Amino acid sequence: MKATTRIQLSIMMFLEFFIWGGWFVTMGTFLGNNLSATGAETAMAYSTQSWGAIIAPFIIGLIADRFFNAEKILAVLHLIGAVIMYQMSQATDFAGFYPYVLGYMIAYMPTLALVNSVSFNQMKDPSKDFPLIRVWGTIGWIVAGLLISFAFKWDSIENIGQGMLANTFMMTAIASAILGVFSFALPKTPPSQSDGEKVSIADILGLDALKLLKDRNFLIFFISSVLICIPLAFYYQNLSPFLTESGVENSTAWASAGQVSEVVFMLLLPFFFKKFGFKKTILVGMLAWGIRYLLFAYGNAGDQFFMIITGIVLHGICYDFFFVSGQIYTDSKAGEKVKSAAQGLITLATYGVGMLVGFYVAGKITDANVIEDGGHVWQSIWTFPAIFAAGVLVLFALFFKNEKIEYTE
C-alpha cells in the first residue's frame, strides 16, 4: 500500500470515529440537563443506533454494493449527517431532537461498513494492514473525549449547567462536513456487484447463515451475544449521566479510558485466545461485565473513585474478549460460503435487536430509580446489569461445550 493511501485511510478512520465519540458519549447528559429527557426518552435516543444498524444492510446491499462507489456514498452520507447534526445542536426539546438523531443514525451507521470497504479494497494483506488503519479510529474517539474535557471543558459541572454540551453536536457537524468533502478524494472503491446481479432480502440480512443455529454451540453463543447486549446498553446510555451526577470533572476524558484499554487488550487478545481457548476467553469477558457494574454500583467520586475508573478500564476486556472473540468464532464456524452472511447476522442480532432491547430495559430501570431532586439511585441501576451479566455467564458456562478454535493473525 502506498504511503499516501495509508495516510488517507488513517485520516478517514480517525474522523469516522472522532465523529461518533464526539457526541454519543455525552448525549445522555445533554438530554437530561438540556432537554429534561426521561430515562425512557434517553433510551429512545440511544436506540436509534440499533435502528440504524438494522437499516444499514439495506443501504449497503441495495445501493452501495450495486450502483455507486463506496467513497462517494460515504461522502454524501457524511454531508447529510453534518446538516442533521447541526439541527440537533439547535433542538430545544426532546420532541424536536428525536427525529434528527434518528435520521442521523440511519445516515451514519452504514458508513461504518463503507470505511471498511474502502480500506479493504486498497489492501493486499488485510490481516497485517487493517489493524494499523483501524487503530486510528479508536484514537479519534479518544481525542474527541479529550477535546471535550480539556480543550473546551464543555463537560465541566459548571458548563453542563449552562448548556455547553450542545457544542459537541456543532463540533461533530464540522468534522462530518470535513470527512464528507475529504471522502471524494479517497481511493476509488467501485461496486462489488454488477447491476444485473440479483440480491435477496435474505442475502442482505445474512439469513443464509441461520443454518448455523442448528449447531448447538453456535446457538448458545448467538443467544448469549444478544443477551449480553442488554448490560452493554446500560454502559453506553448511563455512563456519562452517572459520572456527571457523581460530580466527576472531565467525565468525557475519563470515559475515553475505556477506548484506551480497548487498544491494549486488543493486542493481548491473540495471546490469551491461543493460550486459554475460546470458551475461557469469552467467560473472562462476561465476568468483566459483572465486575464492572458492581464497581460502578459501589464506587464514588471520592475515596472510592478508583472503583469507577477500574470499571471503565475493564471495557477493553468486556468488549474485546467477548465481541472480537465472537467475530473470530463466527468466522471459523461459518466457512467461506456464508462467512459474510454470518458476520452480518451477528451484527444485526447484537447491535440491532440486542441493543434495541437493551436500551429499552435500561430506560425502564433508570426511570424506576429517579429520586426527588432529579438524580438517580445509581447503585440499584448498576446492580441490575451486573446480575444480568452473571446470568448470561452461567448460561454460557453450562451449555457451551468447549471446542478448539484456530486463531489466524
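This report describes the nonpolar core, a surface patch, the salt bridges and the cysteines of one structure. The model is predicted.

**Core**

The largest nonpolar core has 131 residues, and Trp23 and Phe97 touch the most other members of it. Helix H11, which spans residues 216-245, supplies the largest share of this core, with 16 residues. In soluble globular proteins, nonpolar side chains tend to be buried together.

Ala175 sits in helix H9, residues 166-183. With a relative accessibility of 5%, Ala175 counts as buried, because the cut-off for buried is under 20%. Apart from neighbours within four places in sequence, Ala175 is in contact with Phe18 and Ile19. Ala175 and Gln122 are 53 residues apart along the chain, and their C-alpha atoms are separated by 24 Å.

**Surface patch**

Val76, Leu79, Ile80, Val181 and Phe184 make a nonpolar surface patch of about 420 Å². Helix H5, residues 70-89, gives the most to this patch, with three residues. Ile80 is found in helix H5, and its relative accessibility of 40% makes it partly exposed.

**Salt bridges**

The whole structure holds three salt bridges. Side chains of opposite charge can pair when their charged atoms come close.

| Pair | N to O distance |
|---|---|
| Arg6 and Asp129 | 3.8 Å |
| Asp215 and Lys333 | 2.8 Å |
| Glu403 and Lys333 | 3.3 Å |

In the salt bridge between Arg6 and Asp129, Arg6 belongs to helix H1 (residues 3-21) and Asp129 to helix H7 (residues 126-151), so the pair ties together parts that are 123 residues apart in sequence. Arg6 is partly exposed, at 28% relative accessibility, whereas Asp129 is buried, with a relative accessible area of 9%.

Asp215 forms a salt bridge with Lys333. This pair links distant parts of the chain, 118 residues apart: Asp215 is in the loop between helix H10 (201-205) and H11, and Lys333 is in helix H15 (residues 315-334). Asp215 has a relative accessible area of 29% and is partly exposed. Lys333 is also partly exposed, with a relative accessible area of 23%.

Lys333 meets Glu403 in a salt bridge as well. Glu403 lies in the segment after helix H17 (378-399) and Lys333 in helix H15, so this pair ties together parts that are 70 residues apart in sequence. At 21% relative accessibility, Glu403 counts as partly exposed.

**Cysteines**

A search of the whole structure finds zero disulfides. For Cys229, the closest cysteine sulfur is that of Cys318, and the two sulfurs are 12 Å apart, which is too far for a bond, because a disulfide needs the sulfur atoms within 2.5 Å. Cys318 is in no disulfide either, the nearest cysteine sulfur being that of Cys229. Cys229 is buried, with a relative accessible area of 1%. Cys318 is buried at 0% relative accessibility.

Definitions and conventions:
Residues numbered from 1 in each chain as written. Predicted model: local features only at pLDDT ≥ 70, side-chain atom pairs only at ≥ 80, totals over all residues. Heavy atoms only, no water. Core = buried A, V, L, I, M, F, W, Y, C linked by side-chain atoms within 4.5 Å. Buried < 20%, exposed > 50% of the residue type's maximum accessible area, 1.4 Å probe, protein only. Helix = DSSP H or I, 4+ residues; strand = E, 2+ residues; numbered from the N terminus. Patch = residues over 30% accessible without salt bridge, like charges linked within 9 Å, V, L, I, M, F, W, Y side chains within 5 Å. Areas by Shrake-Rupley, 256 points an atom, 1.4 Å probe, with all protein chains shown as cover. Salt bridge = Lys/Arg side-chain N within 4 Å of Asp/Glu carboxyl O. Contact = heavy atoms within 4.5 Å.
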